[in-house]
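Subject: Structure for you to look at

Hello,

Here is the structure I said I would pass on. Please open it first, and then read the notes below with the model on screen.

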Amino acid sequence: MLADLTAGAVQDAETRASERPFAAVEQAALAMPAPRDALAFLAPADRVKIIAEVKRASPSRGDLAAIPDPALQARLYEQGGASTISVLTEGRRFKGSLADLEAVRAAVTLPVLRKDFIATEYQVLEARASGADLVLLIVAALEQDLLARLHALTLDLGMTPLVETHSADEVARAADIGAKLIGVNARDLSTFELDRDLFGRLAAAIPDDAVRIAESAVLTPADVAHYRAAGADVVLIGEALVTGDPVATLTAFLEAGSCEVLSNRRSSSELQARRNGDSA
């Protein structure tokens with residue numbers, strides 16, 4: 001599934017490139033105002049932070065919400081206390097677009113993430129040209145050299161890469177390229193199966209200088225509290241926000257994630273150090 005999604009996204013980008021060549025997109029990207037500092041918005045704090053997602057559909061759940069006005073949806077997220085807005089721009093299975101991203105960027109003051117299956121420099125450049133402040137890079141979809149190259153390009157353009165992982169090996173690969181925003185997706189993008197406890201098992205492996213993000217399997221305040229207790233600095237939420245009242249839902253989720261977890265971060269670091277010592 002992940003390979004098919006990535007191949008489709010790259011094919012669609014190649015179609016766009018036939019109409020808007022690489023050089024033109026690069027020029028547009030470089031002409032954009034400086035991106036917002038997503039790391040400052042998502043830095044660890046005494047409460048959980050939320051990346052709220054504009055998401056119409058998914059391969060696992062089908063249609064979720066029509067979202068005729070993504071800008072309005074994003075403004076409600078900002079009103080509800082989100083720290084960053086994620087916009088699905090994949091069109092085949094998620095029914096998103098770069099037009100959605102541009103509409104959201106114009107509507108909010110928060111950082112905006114382009115969430116897509118990115119595997120080319122062109123896609124990174126068009127993200128910046130459309131106003132993205134962050135770009136999603138999925139470790140499982142990219143060879144390490146390509147992951148490092150796209151990570152470096154994202155940084156060169158002033159954006160923040162959100163590096164998504166699903167295993168200890170992938171967390172290590174993210175750490176090796178110096179990722180400062182590391183997500184653990186509870187959904188295996190190869191099988192689309194969910195494991196809500198995966199984040200807790202991998203949190204200790206995420207470097208202390210990186211922001212820890214828990215992704216997927218969030219439907220209730222209890223899910224947010226579960227991730228917060230496991231050491232999440234940030235939780236990325238989509239379905240629960242597009243299928244209900246986004247402001248009320250965000251309020252409930254933020255209250256559930258209000259506990260302090262910096263001590264958990266220290267404990268995780270000490271545990272990892274002990275593990276490293278045992279294996280030395």
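**The pocket**

The lining of the largest pocket is made of 28 residues, and those nearest its centre are Lys 55, Lys 115, Arg 187, Ser 216 and Ala 217. Please keep in mind that this is a predicted model. The volume of the largest pocket comes to about 440 Å³. By type, its lining holds 15 nonpolar, five polar and eight charged residues. Strand β6 (134-138), strand β10 and helix α11 (239-242) each give at least two residues to that lining.

Ser 216, one of the residues nearest the pocket centre, sits in the loop between β9 (211-215) and α10 (221-229). Most residues other than glycine have a negative phi. Ser 216 is not a glycine, yet its phi is positive, at about 75°.

**The barrel**

What do the strands form? Eight of them make a closed barrel in the order β1-β4-β5-β6-β7-β8-β9-β10, and the pairing is parallel. On average, neighbouring strands of this sheet are turned by 25° against each other, ignoring direction. Helix α4 (residues 70-80) packs on the sheet, where it touches β1 and β4 (84-88), and its direction makes about 165° with that of β1. As background, strands of a sheet pair through backbone hydrogen bonds, in either a parallel or an antiparallel way.

Strand β1 (residues 49-54) and strand β10 (residues 234-237) run parallel and are joined by four bridges. Lys 49 has Val 234 of β10 as its bridge partner, and Ile 51 stands opposite Leu 236 of β10. Strand β10 also pairs with β9, again in the parallel sense, over three bridges. There, Ala 214 stands opposite Val 235 of β10.

Are the residues on the two faces of β10 buried or exposed? Val 234 and Leu 236 on one side are buried, and so are Val 235 and Ile 237 on the other, which leaves both faces covered.

**Strands β7 and β8**

Strand β7 (residues 160-165) runs parallel to β8, and three bridges join them. One of the paired positions is Glu 164, whose bridge partner in β8 is Gly 183.

Glu 164 belongs to strand β7. Its relative accessibility is 3%, so it counts as buried. Leaving out residues up to four places away in sequence, Glu 164 touches Leu 136, Leu 137, Ile 138, Val 139, Glu 170, Gly 183, Asn 185, Leu 189 and Glu 215. Of these contacts, Val 139 shows how the fold brings parts of the chain together: Glu 164 and Val 139 are 25 residues apart in sequence and 5.9 Å apart in space, C-alpha to C-alpha.

Five of the five residues of β8 are buried, so this strand is largely enclosed by the rest of the structure. Leu 181, Gly 183 and Asn 185 point one way from β8, while Ile 182 and Val 184 point the other way.

Val 184 lies in strand β8 (residues 181-185) and counts as buried because its relative accessibility is 1%. With residues up to four places away in sequence left out, Val 184 touches Thr 165, Leu 198, Phe 199, Leu 202, Ile 206, Ile 213, Ala 214 and Glu 215. Val 184 and Leu 198 are 14 residues apart in sequence, and their C-alpha atoms are 7.6 Å apart in space.

**Helix α6**

Why is helix α6 described as largely enclosed? Eight of the nine residues of α6 (residues 121-129) are buried, so the rest of the structure encloses most of it. The buried ones are Tyr 122, Gln 123, Val 124, Leu 125, Glu 126, Ala 127, Arg 128 and Ala 129. The elements that cover them include α1 (2-19), α2 (22-31), α5 (98-107), β5 (112-115), β6 and α7 (144-156). Just after α6, Gly 131 has a positive phi of about 100°.

**Ile 67**

Ile 67 is found in the loop between β3 (62-63) and α4. Although Ile 67 is not a glycine, its phi is positive, at about 45°. Its relative accessible area is 7%, under the 20% that marks a buried residue, so Ile 67 is buried.

Regards

How values were computed:
Residues are numbered from 1 along each chain as its sequence is written. This is a predicted model: local features need pLDDT of at least 70, side-chain atom pairs count only at pLDDT 80 or more; totals for chains, interfaces and linings use all residues. Side-chain values use heavy atoms; hydrogens and water are left out. Two strands pair if DSSP finds at least two bridges between them. Axes are lines fitted to C-alpha atoms, for helices over the stretch in contact, and angles run from 0 to 180 degrees between N-to-C directions. Contact means heavy atoms within 4.5 Å. On a 1 Å grid over the protein atoms alone, a cavity is a set of points where a 1.4 Å probe fits but cannot get out, and a pocket is an open set with protein on both sides within 12 Å along at least five of seven lines; lining residues have an atom within 4 Å of a point. Grid points are joined across faces, edges and corners, and a volume is the space filled by probe spheres set on the points. Ala, Val, Leu, Ile, Met, Phe, Trp, Tyr, Cys and Pro count as nonpolar, Asp, Glu, Lys and Arg as charged, and the others, Gly among them, as polar. Buried means under 20% relative accessible area, exposed over 50%, partly exposed in between (1.4 Å probe, protein chains only).
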